[in-house]
Amino acid sequence: MSEALFNNPTPFEVDLQAAFAGRAKATGAQAAAFERFAKLGFPNRRIEGWKWSDFHGALRKLTPANDAEAQGDIAPSEFAALNPLEFRIINGQIELPQGELPDGLRYGVVEPVATIPELERHAIVNLNIAMTGKALGIEVGENTPDRPILIRHINTNAAFAFTQTMMRVSANARARLIETYEGEGSGFYSHLFHMVVRDGAQFHRTVVHQTGADQIVNAVCAAKIDADAAFNQTSLSTGSRLSRHETIVHLWAQGGSAEINSAALLCDDRHADFTTHVVHKAPHCRTRQIHKGVARDRARNVFQGKFEVEREAQKTDAKMTANALLLSDTAEANHKPELEIYADDVECAHGSTCGALDADALFYLRQRGLNEAAARALLVEAFLGEVLDGVDDERLGDIFRNKIADWLVYE
Amino acid sequence: MVEATYKEGIDKATVAATASLETYKYGFTTDVQSAKPPKGLNEDTVRYISAKKEEPDWLLEWRLVAFRRWLTMEEPTWAMVDYPQIDYQDAYYYSEPASGAKYESIDDVPPEILADFEKLGIPLREAEVLLGVEGAAASAAEARMGEASNADGGGRKVAVDAVFDSVSVATTFKNELAKAGVIFLSFSEAVREHPDLVRKYLGTVVPTSDNFFATLNSAVFSDGTFVYVPEGVKCPMELSTYFRINEANTGQFERTLIIVAPGAYVSYLEGCTAPMRDENQLHAAVVELIIEDDAEIKYSTVQNWYPGDKDGKGGIYNFVTKRADCRGVNAKVSWTQVETGSAITWKYPSCILRGDNSQGEFYSIAITNNHQQADTGTKMIHLGKNTRSRIISKGISAGKSNSTYRGLVSVHRKADNVRNFTQCDSLLIGNECGAHTIPYVEAKNPSAILEHEATTSRLSEDQLFYCRQRGLSEEDAVALLVNGFCKDVLQKLPMEFAVEAQKLVSVSLEGSVG
Amino acid sequence: MLKIENLHTTVGGHEILKGLSLDVPAGEVHAIMGPNGSGKSTLSYTVAGRDGYAASEGAVMLEGTNILGLAPDVRAAKGLFLSFQHPMEIPGVQTMTFIRTALNAQRRARGEAEVSAADFIRLIREKAKLVGLDDAKLKRPFNVGFSGGEKKRMEMLQLAIFEPRFAIMDETDSGLDIDALKMVGDVVNALRGPERGFLIITHYQRLLHYIKPDRVHVLAGGRIVKSGAAGLAAELEKSGYEQFIEAA
């Protein structure tokens, strides 16, 4: 691998190249992916789709700590109360749960994907494909008991870590996945999640981004949804130096549905980017999406949602709502709710709003006896209400509510 | 055919669109010998244009700076339009009627050109209305009758500047405007007669380095329109420019500069057509508007460049940069556009809302049919306090076309109490077209209230059936319903344009159903 | 009880209240009537402490304490209730949750024990019946999708639950049908007592058929221009406000 791969490499890119060169056995596909990455470079502001999330700039400033051994004991997850099957990916190393396998569930460490054609122009995905050695594979059978699967992504003091998860939910099965992004210190974490939801299956994914302030994260989930299958995702993020959670859903066959809800609660200099792309490829699919972003201090909330409706996808019913709430003079919200539609008999709509807390509502609450902090907190909670409503598991809803309450106390 | 449509519904009917009639009625060429430099683009081309126009040195230098800058720039690719690589060396950059560009009086204009404009419904000799579209003669007569009945000499008049390929051929009502203190000249005349004004304002809204096409325009712009409305003057009539590309293989690069001084007002209309030609022709215009304290510009466009044939052959590439700078407090600008022509449209009339309390509006109808592609919208840049903006966009796609709304609403840190409302509605006619909505919202001030709504739908079959049952043909029913869909925008047009625009909406959609 | 002295309020650069004085002793119900634009809503906002409605001069004494300058929630905890002319919708917050949160916030501020969830449910159900709201509404987001009449019932529900010391009813009668007016009358009359005062702000006389005021004041041009016994309301209905607009 020659230096010429990169134009003016940043120190981080030099490190990456060394790391790639040092890998024991990169496959041809991985070498090709690395070359594609090198040609593209980390995405910067000038790249459409990344103008509000400058990975190039942020990673240029990343100081590699590469101190992965300093990992101490890991505190139990707050989701432990749900008795999940817990996987951990610590600084890129996969730890499988011990003990007996639940019926119908198979998992293990597997070979990573060689390519995802629709993401070939995604620089970080290419890098991930090039760098990931082994992937976590999970398959949920039809009769697997309804026990949540928890994947904890913990990136502590690691300069960079790349992992992949591959998951398949079999026909008519139900699966519930919770992913937490955790870890303190500075570092860059890239996760590529490749999943398939088979005919009639239901998949619930909960994503909680709660890393320390200095983490830089790009998590990309590419999901294929078969006939009459449901993909339901709720995300809650408190952001970090730069965080971007991407969800690409292909509604492959008739009757597929996607519900994608996200909330960001951002303070200080934190940044959260939710980017989603739902491709409707077959008739009679339905998508609902709600994004709520709350930002204070100098935080920056980014939402980019795109609905694509292909020629064949008649009778698509898709609605998107994005609302931003700015709590201070220096906070920022950036929205791009996008429709790309090639079928005529569809109902597609999006709405977006941006503003501060409603002064009339604030006064009303004060008149009823709530002090300023309580009134503001109540209104913020109300603002987030629609996203919480999408959480159908009460215990999960309570954990979300507590997290929001914690953030609001700080607010 | 009608029978089949009735039975099988509109989708089936749409498939039959290929059997459509030729609908572009302005596809004649005028036989005028023209003088032009050799094909291709280099510094000599720029010098040739500048010399032809007898321009002062500073303007040549300004063009050359732009040209050198342009050489370093890349053509933008982010728009949702797809066209083969343009060979910028394979076109003419300047063309003027050979009998000499400048006409002392309208009597010197070659009769072929006048006849050409007559065909277009622009009777320059007695221009009282600008009628850029279908059935011009009848409509003109109608309009004139209408005026005669409502006014005795004091009826609404429209002053017309007509740009033929690269030169302005005639400007009407000069004297009457001069009395009011309004300067309304072709750009070349303005450079000669008011060089200081031109120099003061040219490039201050769209700088020479702005974007690929604007920079190209800055290097090779040929003619265009200059308007100055002095302080406190409400321009006594609508001003209008009529653009036509006539020569083959020729790009048109006009430049419009309008300045309204404090308290002044002007309503300005532009219309455009081009003959049918198999090759694509480039039109890269720049429009700069400067609005001072308490001043207002209402800028309306009916864009009807040749869209190419039903197979997507030929047509104008319409790559235009339009921007208004509300420099003063309480300044107001309103863009209204009806975009029905061009093979490809790339156009984002924008408002820089710098002055406190300034207002920007954008009302747009973009209709694409056959293989047309349009990527159009606006930018509302809120810099001043209490600035307001409103965006209403109606996109209609038919045939195999694609129509994209792309818009930015940006609120800067210090812009308190900003309001924006945006509504984008898309209508698909048939199942081979695309309609896209790409809004960008950037808010850096919590007091801003920004609202955006977008919908995508098709013509309601119930409504269509109802109209058919009442006796309307399918095309008439579609036209009626589409006009209804566009009503919010159509009613923003000046009266003279509204009727024509409605007809244009119908004409543009001919062949899109049954 | 509520004593307003020489109150001046300027809103958006215009002086709306121009030295308004009013005294509502404990145990009494007073009505303020006045034409549109006379300053009725400004009065209620100034007393309740809305941003942008600060008094430039004068005092508002609630049980001997000047409440001007206090935060709106502090005034609420002291027992001041304003029934809004246009009650808010709060999407995402269940009605029960909202009212309980408010009730307990007031109680905490007064050093009283909070009401338990079970007691609260009992309380709200009982009062909901009183104001004619069914239980299903209590589980819906606060006021979202409610009709104008239902929103006013929701205001009366809170009045009945909070049992404030002093309530200002700002145009509560607007948009209400006869049944609802009667309900408002019932709620207010049930709460009337020696320790409590009411100020009823209204444009029309009709609510006063259900709530007999002890005194009626006419507000015009930012001042009280006439005061009298209950009969004054009927007189106004006949003669209109014209005379007072001119007088002001």
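Let's start with one residue pair in chain C: C:Met61 has C:Asn66, in strand 5, as its bridge partner. Strands here are DSSP E runs of at least two residues, and helices are H or I runs of at least four, numbered from the N terminus. Strand 4 (residues 55–62) and strand 5 of chain C run antiparallel and are joined by two bridges; at least two DSSP bridges are what it takes for strands to pair. This is a predicted model, where local features need pLDDT of at least 70, side-chain atom pairs count only at pLDDT 80 or more, and totals for chains, interfaces and linings use all residues. Residues are numbered from 1 along each chain as its sequence is written, with chains lettered from A and ligands numbered from 1 in the order in which they are written.

Zooming out, the open sheet of chain C has four strands in the order 2-1-4-5, with antiparallel pairing. Strand 2 (14–24) and strand 5 (65–66) each have a single partner strand, so one side of each lacks a neighbour in the sheet. Helix 1 (residues 40–48) lies across strand 1 (2–11), strand 2 and strand 4 of chain C, at about 70° to strand 2 (axes are lines fitted to C-alpha atoms, for helices over the stretch in contact, with angles from 0 to 180 degrees between N-to-C directions).

Now for chains A and B. Their contact takes 33 residues from chain A and 30 residues from chain B, counting residues whose C-beta atoms, placed from the backbone, lie within 7 Å. On the chain A side, strand 18 gives the largest share, 10 residues. Strand 19 of chain A also pairs antiparallel with strand 24 (residues 449–458) of chain B over seven bridges, and A:Ala349 stands opposite B:Thr455 in that strand 24.

Note on methods:
Two residues are in contact if their C-beta atoms, placed from the backbone, lie within 7 Å.
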